[in-house]
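Here is a short note for a first look at this model. Please keep the structure open while reading the points below.

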Amino acid sequence: MIELTNITVRFGGIKPIDQLTATLKAPVAGLIGPNGAGKTTLLNVLSGFVKPEEGSVLVSGVPLLSLSPLNRVKAGLRRSFQTEQVVEDMSARDNLYAIADHVLPAAERTQSVETALSFVRLTAVADVMGARLNLFQRRLVELGKCLVGKPKLILLDEPAAGLTDEEGAVLKDLVLAIPQAFGAQVLVIDHDVELIRAMCSETMVLDYGRLLVVGPTAEVLENESVRRAYLGEI
Ligand SMILES: Nc1ncnc2c1ncn2[C@@H]1O[C@H](COP(=O)(O)OP(=O)(O)O)[C@@H](O)[C@H]1O
Ligand SMILES: [Mg+2]
């Protein structure tokens with residue numbers, strides 16, 4: 001469970017997040033909103049790259065904002081980036097070990113890495129260098145990195161961007177299986193409303209840094225102000 005209380009972020013004169021209070025309980029929760037709404041900034045607050053001017057965050061009851069980014073990873077926070085961060089001259093497997101080496105005792109690393117590789121269906125290309133993986137495989141490496149160790153909260157920033165419909169469907173099935181398989185909650189940003197509808201039982205909508213609405217996805221997507229602000233409808 002993610003509990004956000006009164007989060008405000010200021011960059012000079014603008015407030016990309018403005019007094020945001022919301023609770024997300026769903027195993028797979030969605031975060032949507034127009035470009036510039038503050039979605040990535042919120043993920044940066046959660047992962048420790050941006051320090052809010054005020055507010056607090058609890059993840060499963062544990063205060064997050066006082067922890068360094070590395071200690072957040074050790075506490076089970078994982079994220080993928082809008083531009084993926086696969087290391088090109090390391091194999092898919094070694095990209096996962098780079099996380100395992102930081103968060104697990106040596107004796108537990110191999111099993112955790114192989115479990116994650118298998119879950120994201122990359123075992124067959126585990127020895128292929130990052131540079132030689134296609135876009136989808138690189139996305140799966142990113143997702144696999146999120147599953148190494150003992151993830152508690154996984155933040156995915158537009159994981160399906162640029163994927164084909166078939167690849168997006170595979171990604172959706174994988175994401176939906178994460179809470180049961182790994183015991184982690186997932187928070188996912190995506191522009192594809194149908195993908196959000198299919199993946200997320202609960203969705204939060206941001207608009208200019210403010211909470212527009214949060215609740216069951218089907219209700220949120222029917223909400224009139226959401227349709228007006230985000231879906232371009234009246
Ligand atoms: N490091 C930064 N410095 C200044 N402004 C930023 C920075 N990062 C984002 N912003 C601004 O904050 C707002 C929210 O951006 P962002 O969180 O990236 O939105 P989204 O991911 O919803 O498209 C935008 O107006 C953006 O220009
Ligand atoms: Mg963004």
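1. The shell around ligand 1 holds five nonpolar residues, five polar ones and one charged. Bear in mind that this is a predicted model.

2. Which residues are around ligand 1? They are Phe11, Ile14, Pro16, Pro34, Asn35, Gly36, Ala37, Gly38, Lys39, Thr40 and Thr41.

3. Next, where the shell comes from. Strand 2 (14-24) and helix 1 (39-47) each give at least two residues to the shell around ligand 1. Helix 1 has the largest share, with three residues.

4. Now the polar atoms. A backbone N or O atom of glycine 36 sits 2.8 Å from an oxygen atom of ligand 1. Glycine 38 also takes part through its backbone: one of its polar atoms there is 3.0 Å from an oxygen atom of ligand 1. Lysine 39 uses its side chain, where an N or O atom lies 2.8 Å from a ligand 1 oxygen atom.

5. How much of ligand 1 does the protein bury? Ligand 1 taken alone exposes 560 Å², and the protein buries 55% of that.

6. Turn to helix 3, residues 92-103. Its buried residues are Ala92, Arg93, Asn95, Leu96, Tyr97, Ala100 and Val103.

7. What covers those buried residues of helix 3? The cover includes helix 2 (69-74) and strand 6 (77-80). Helix 4 (106-119) and helix 5 (135-147) are also among the covering elements.

Terms used:
Residues numbered from 1 in each chain as written. Chains lettered and ligands numbered in written order. Predicted model: local features only at pLDDT ≥ 70, side-chain atom pairs only at ≥ 80, totals over all residues. Heavy atoms only, no water. Near = heavy atom within 4 Å. Polar contact = N/O pair within 3.5 Å; in protein donor to acceptor, adjacent residues only side chain to side chain. Areas by Shrake-Rupley, 256 points an atom, 1.4 Å probe, with all protein chains shown as cover. Helix = DSSP H or I, 4+ residues; strand = E, 2+ residues; numbered from the N terminus. Nonpolar A, V, L, I, M, F, W, Y, C, P; charged D, E, K, R; others polar. Buried < 20%, exposed > 50% of the residue type's maximum accessible area, 1.4 Å probe, protein only. Contact = heavy atoms within 4.5 Å.
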